[in-house]
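Me: I'm new to this one and would like a quick tour. Can you walk me through a few parts of it?

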Amino acid sequence: HPGPTSDRPLGTPGHEKLAGGKSKAELRAERRAKQEADRALKQTKKVESTPAAALAKPRLQPSEPQSMVKRVPEHVQVDDPAAQKRLAKKLERQQVPLRPDYGAKVNLFSHLHQYSRKMPLTQQMSIPSTAIHPAVVRLGLQYSQGLLNGSNARCLALLQVFRQVIRDYSTPPNEELSRDLVARLKPYISFLNQCRPLSASMGNAIKYLKKEISGLSSTLREEEAKGKLQGSIDGYVREKIQLAAEAISKYAFEKISDGDVILVYGCSSLVSRTLCDAHANGRAFRVIVVDSRPRLEGRDTLRRLVRKGIRCTYVMITAISYMLPEVSKVLLGAHALLANGSVMSRVGTSQIALVSKAYNVPVLVCCETYKFCERVQTDSFVSNELDDPDDLILPGKGGAHLRGWKENSSLRLLNLVYDVTPPELVDLVITDLGMIPCTSVPVVLRVKNVEQ
Amino acid sequence: MEFQAVVMAAGGGSRMMDLTSSIPKPLLPVGNKPLIWYPLNLLERIGFEEVIVVTTKEVQKLLNLDTKMKLDIVCIPDDADMGTADSIRHIHQKIKTDVLVLSCDLITDVALHEVVDLFRAHDATLSMLMKKAHEPTEMVPGQKGKKKPVEQRDFIGVDDTGKRLLFMANEADLDEELVIKRSLLQKHPRMHIRTGLADAHLYCLKKYVVDFLAENRSLTSIRSELIPYLVRKQFSSPASLRQRQDNKEQDQKKDQKSLDIFSYVKGDSLLEFAPDKSCWNSHSADLNEAFHGGKVRCYVHIMKEGLCYRVNTLGLYIEANRQVPKLLPALVCPEEPLVHVFAQVTDRGLVGSDSIIGSSTQVGEKTSIKHSIIGSMCTIKDRVKITNCIIMNSVTIEEGCSLQSCLICHNAVIEKGADLRDCLIGSSQRLEPKSKHVNEVIVGSEQLMEI
């Protein structure tokens, strides 16, 4: 078998980039599923497959498959019909419906998907859902309707749902849990990806989970294996998310002094928690919350901070150059940290970093290490997410101008979700491993891979 | 499994006794299919494989449907006056997951995922379907003139998005004023109150509501008691209830506490799981967390277009029959022709394109049939004019009759030369030759005794 020949995209978080042995097993599983073999035939195939599985296991260990061709992932190749056909075939095989794109896209972003909230994926699925676990359908719906937002929240909800899936799972006869469970999770992940593109945190969590499942010894009984998996999910949540947040909060506390004026943008659970902890520990500071349309997430940060008694000012992003002269530092959250030190965060963050640099205000980014991603990006165009363009239309009379945008052939609406801040504009990254400069991110990634 | 479907087919059809005295309501033919076929077809189309049908023994004997789903028919005794909630209590051992309750008289082409998605996405306790009711325009036989039926209006309050159900009251329960709780207005300052909405009696309920019903025996009907209870409970806090109960005497029985739905609510919602991490809120005007910390949430989907009928009065029955020929081709797969293959029609040209003729029916020469539905095994002789009629099975119509806007039940015989307009002829009636009736209801004497 030459390298990865399957049509799985590589090189992006959330997709495996493991050795060729894995794809062999996957192709064999597909072939097995396709043929209507009776039990005798399956037995002989099982005898064949065990030496191959034993061969596949040692190949799962290497840390970095350097020699493999990295394919461009399909979710940034929407304007390539061949890639879309491959995706459609894959989804059909997994019994996951394909979500249609909506509306005309701006030319620069025509390689990305653009979905409408009014056309959820569940339109094409049966009620009650049988191919996809009901908890996963519920999660996907909450993602696509925008009810679950925020990198940490999405990842926590995903792990919670996978815990439930593992709890409800039972190994079919003649199958091994370590391989069948991964195969069972694949359609769920495709479904969630169709509802809303996976975030970097979710991608890393899925990679971890798949590794844990594949690494299960085949001598374990099903109950023990399931218990072990649930334990490892709990461990991941506790270490990488909760304890990391505590550590980051402690480190950031050293950086916040009395009398500070801190500028925050949008809603980051980590930054809000850091500020609330600092306030609880007695630091005196005030906060300027910057917000932007259409999501207006800053209102949520405002709510959390004001309830704790922190003095806050609320402005729109258009006013930052007026506020920055009085700001002592800027504290930003991140969706992902890329391998060249760039920070991928909510659209508007790079503007804030740029203007802060112009005013010589230090920019600090808080990010847990589990959001570090091996992708390299220097601009915000190549890989991004396009949200529902109808969100830009104001409700009521204010939206009268934009409401007929679809009929107007020269009008396109663009609702970007993320943007990339170059490392020169970021002064410090506060992670659970300590406070590091942006350029040290690849070092952390290398250390993480060696550990694994 | 995500949902179990329950179809309630034990109701009597008390508002159309002329028809239901001889035929049980679930079996009333609409477009030549029994009424219960429509909700079952809806469930089959969206992908259900098993349905629990709660009905009476009488209906079970006569029920004969060809459907790919597995029907689990539960009979309740004929004489027990069981409401819909009582029926749920009766089958609550079978209910293992969230439940979708339908009434047997619902004919609709709604995209059901709209209702179910509200239920799933918001982790709601209840999700239901409503449609703007319109006045039936058809003349109903037996009605003297177009008098408006005295309906008790329902007041439905929804929030700004039009999805969250905040308030529900029926005119019958109110004296002169609408009473709205302050806690409701504090949490939802903008509320739109609508009347003129017809409830489709289609409910998605969480499993813990079924458990609650099993313990709480005071609720008998889903629509008139359980749903208003749940809607009210959205804005009452469990803490205040517990305080009131502590103040009562010590000899309160323990099971009094469990009559409150809050002790049944299972909080496994993803939205409430890590509320401090997610940056979504259901409202923006104040500092409270999403949903104001309320555990019970009710949602409604109000249909704007499409059909949604509950066939529980004669007028709606006739209206449904009018609309069904347009609806049927989309529902039945593979497509059945409107004129049945085994029907013998002599003059096809005189049969209108939206008329339905059942199997084994014989239609004579020069007989014109327009906008009508004719059942199976009927015999219609020559030179008959049928317009806008609903004719059930095994009816005989002799030569030269003229029928307009009539409803003729099973096994009736109309002798030669009769001229009928806006009439309802009951089962097995026999009309004299050359009889002329306008706007009359002719049923047998034994049916007249039913009150």
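**Strands and helices, bit by bit**

Reply: Let's start in a sheet of chain A: the bridge partner of Gly333(A) in β7(A) is Cys366(A). This is a predicted model, where local features need pLDDT of at least 70, side-chain atom pairs count only at pLDDT 80 or more, and totals for chains, interfaces and linings use all residues. Residues are numbered from 1 along each chain as its sequence is written, chains are lettered from A and ligands numbered from 1 in the order in which they are written, and side-chain values use heavy atoms, with hydrogens and water left out.

Me: How many bridges join β4(A) to β7(A)?

Reply: There are 4, between strand β4 (residues 329–333) of chain A and β7(A), and the two run parallel. Strands here are DSSP runs (E, at least two residues) and helices are too (H or I, at least four), numbered from the N terminus. Two strands pair if DSSP finds at least two bridges between them.

Me: Which strand does β7(A) also join through 3 bridges?

Reply: That's strand β9 (residues 428–431) of chain A, again running parallel. Val365(A) stands opposite Val429(A) in β9(A).

Me: Are the faces of β7(A) covered or uncovered?

Reply: Both faces of β7 (residues 363–366) are covered. Val363(A) and Val365(A) are buried on one side, Leu364(A) and Cys366(A) on the other. Buried means under 20% relative accessible area, exposed is over 50%, and partly exposed is in between (1.4 Å probe, protein chains only).

Me: Switching to helices: how do α4(A) and α5(A) cross?

Reply: Helix α4 (residues 134–144) and helix α5 (residues 151–168), both of chain A, have axes that come within 9 Å and cross at roughly 165°. That makes α4(A) roughly antiparallel to α5(A). For the cut-offs, angles under 35 degrees count as roughly parallel, over 145 as roughly antiparallel, 65 to 115 as roughly perpendicular and the rest as oblique. Axes are lines fitted to C-alpha atoms, for helices over the stretch in contact, with angles from 0 to 180 degrees between N-to-C directions.

Me: Which residues meet there?

Reply: From α4(A) you have Ala135(A), Val136(A), Leu139(A) and Tyr143(A), and among those they meet in α5(A) are Arg154(A), Leu158(A) and Val165(A). Contact means heavy atoms within 4.5 Å. By class, the contact of α4(A) with α5(A) has 8 nonpolar, 1 polar and 1 charged residues. Ala, Val, Leu, Ile, Met, Phe, Trp, Tyr, Cys and Pro count as nonpolar, Asp, Glu, Lys and Arg as charged, and the others, Gly among them, as polar.

Me: And what about α9(A) and α10(A)?

Reply: Helix α9 (residues 269–280) and helix α10 (residues 298–308) of chain A have axes that come within 10 Å and cross at roughly 10°. So α9(A) is roughly parallel to α10(A). By class, their contact has 3 nonpolar, 4 polar and 2 charged residues.

Me: Where does Asn174(A) sit?

Reply: Asn174(A) is in the loop between α5 and α6 (177–195) of chain A. Asn174(A) counts as partly exposed because its relative accessibility is 33%.

Me: OK, chain B now. What's in there?

Reply: Chain B has 11 helices and 31 strands. Buried residues make up 54% of its 451 residues. One open sheet of 6 strands has the order β15-β17-β20-β23-β26-β29 (chain B), with parallel pairing.

Me: Which strands are at the edges?

Reply: β15 (344–345) and β29 (430–431) of chain B, each pairing on one side only.
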